[in-house]
Amino acid sequence: MAAMNLSSPSFTTTATSSFLSANRTKTLLSHSSYTKNPSIFSPIPLKITHTTKNPRPYLNLVVSAIGKLSESETVPVSSVFPSASGVYAVYDKNGDLQFVGLSRNIQASVLFHQKSVPELCASIKVGMVDNPDRTSLTEAWKSWMEEHIEVTGKVPPGNEKGNTTWVRQAPKKKSDLRITPGPNTKLTVPLEELIDRMVKENKVVAFIKGSRSAPQCGFSQRVVGILDSEGVDYESVDVLDEEHNSGLRETLKRYSNWPTFPQVFVNGELVGGCDILSSMHEKGELAGLFKQ
């Protein structure tokens, strides 16, 4: 989970009367900052690795028990962040809070924001959450949000409803290929010839039951999952779509001499169905096949 904004129905900006206790949220801050009030903190130095080949001035980081957003210290966005779970607040170069997020991997989330909106990322406040189940993470996030809203009277820009700037978007799935544009379309060439063109003009073609976004059988769902996980640029064809692919199932069985679905073709040749693809995936053989 890279980030969270207020468009999610599971969260609200309505302030509650309590915040997380200090022993539940831990905040990342610079070594020099804890000396401002040493009675509050119990600094535990993190192990920082230095290399002689490429020396780099790492910030000496410590973990201190602290709860409120206002009591946390900001650190430069270029600092070393943990890959732990927790909440984080992102500030621009003017010191204005732009976004409060929650993450299962704070380091990965911060790096994502640095790349996607570098102009809005100057410094960060980080709170690592003990026992980071969904409830604990949500409560930590809400406590920082409610504190900010109580002080400023407004939601951070990146958390406003409808703002997707800070949220990692899922890649859009390609549309399925269709044999004809619609029902009652008269084919000018035999259907078997259209199939032959389809599998030879596209590197990878998966004939499945249902669409790639909504497979209608477990085997087809498994094949789509394997192809997606392999990062393959493939085409899919819904053999159950009688409106656009009328007669495809029986014709394809004759063409491939394969009685079941799904069927996956690579470079015009039938590889097989779910069992064969699953076996090749588990053995690490698909990457080489798709590169051919």
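Which residue in β11 is the bridge partner of V266? Select V266 and look across to β11: the partner there is E269. Keep in mind on this tour that the model is predicted.

**Stop 1: the sheet**

β10 and β11 run antiparallel, joined by 3 bridges. Now widen the selection to the open sheet of 4 strands, whose order is β9-β8-β10-β11 and whose pairing is mixed. At its edges you will find β9 (235-238) and β11 (269-272), each of which pairs on one side only. Turn the view to follow the twist, which averages 25 degrees from one strand to the next.

**Stop 2: the helices on the sheet**

Next, show helix α3, residues 191-201. This helix packs on the sheet and touches β8, β9 and β10. Its direction makes about 130 degrees with that of β8.

**Stop 3: aromatic rings**

The model has 4 aromatic pairs. Begin with F207 and F265, whose ring centres are 5.7 Å apart and whose planes stand at 80 degrees; that angle is over 60, so the pair is edge-to-face. F207 belongs to strand β8 (residues 204-208) and F265 to strand β10 (residues 263-266), so this pair ties together parts that are 58 residues apart in sequence. Both F207 and F265 are buried.

Y255 sits in helix α5 (residues 248-256) and F265 in strand β10, so here the parts tied together are 10 residues apart in sequence.

Buried or partly exposed: how does Y255 count? Y255 has a relative accessibility of 22%, so it counts as partly exposed. F265, with a relative accessible area of 2%, is buried.

For another group of rings, select Y88, F99 and W166, which ring pairs link into a cluster.

**Stop 4: a charge over a ring**

Pick R212 and Y234 together. R212 lies over the face of Y234, at 3.9 Å from the ring centre.

**Stop 5: a buried tryptophan**

Finish at W141, in helix α2 (residues 134-152). Its relative accessibility is 0%, so W141 counts as buried.

Technical notes. Residues numbered from 1 in each chain as written. Predicted model: local features only at pLDDT ≥ 70, side-chain atom pairs only at ≥ 80, totals over all residues. Heavy atoms only, no water. Helix = DSSP H or I, 4+ residues; strand = E, 2+ residues; numbered from the N terminus. Buried < 20%, exposed > 50% of the residue type's maximum accessible area, 1.4 Å probe, protein only. Phe/Tyr/Trp six-rings, centres within 6.5 Å; stacked < 30°, edge-to-face > 60°. Lys NZ or Arg CZ within 6 Å of the ring centre and 35° of its normal. Pairing = 2+ DSSP bridges. Axes fitted to C-alpha atoms, helices over the stretch in contact; angles between N-to-C directions. Contact = heavy atoms within 4.5 Å.
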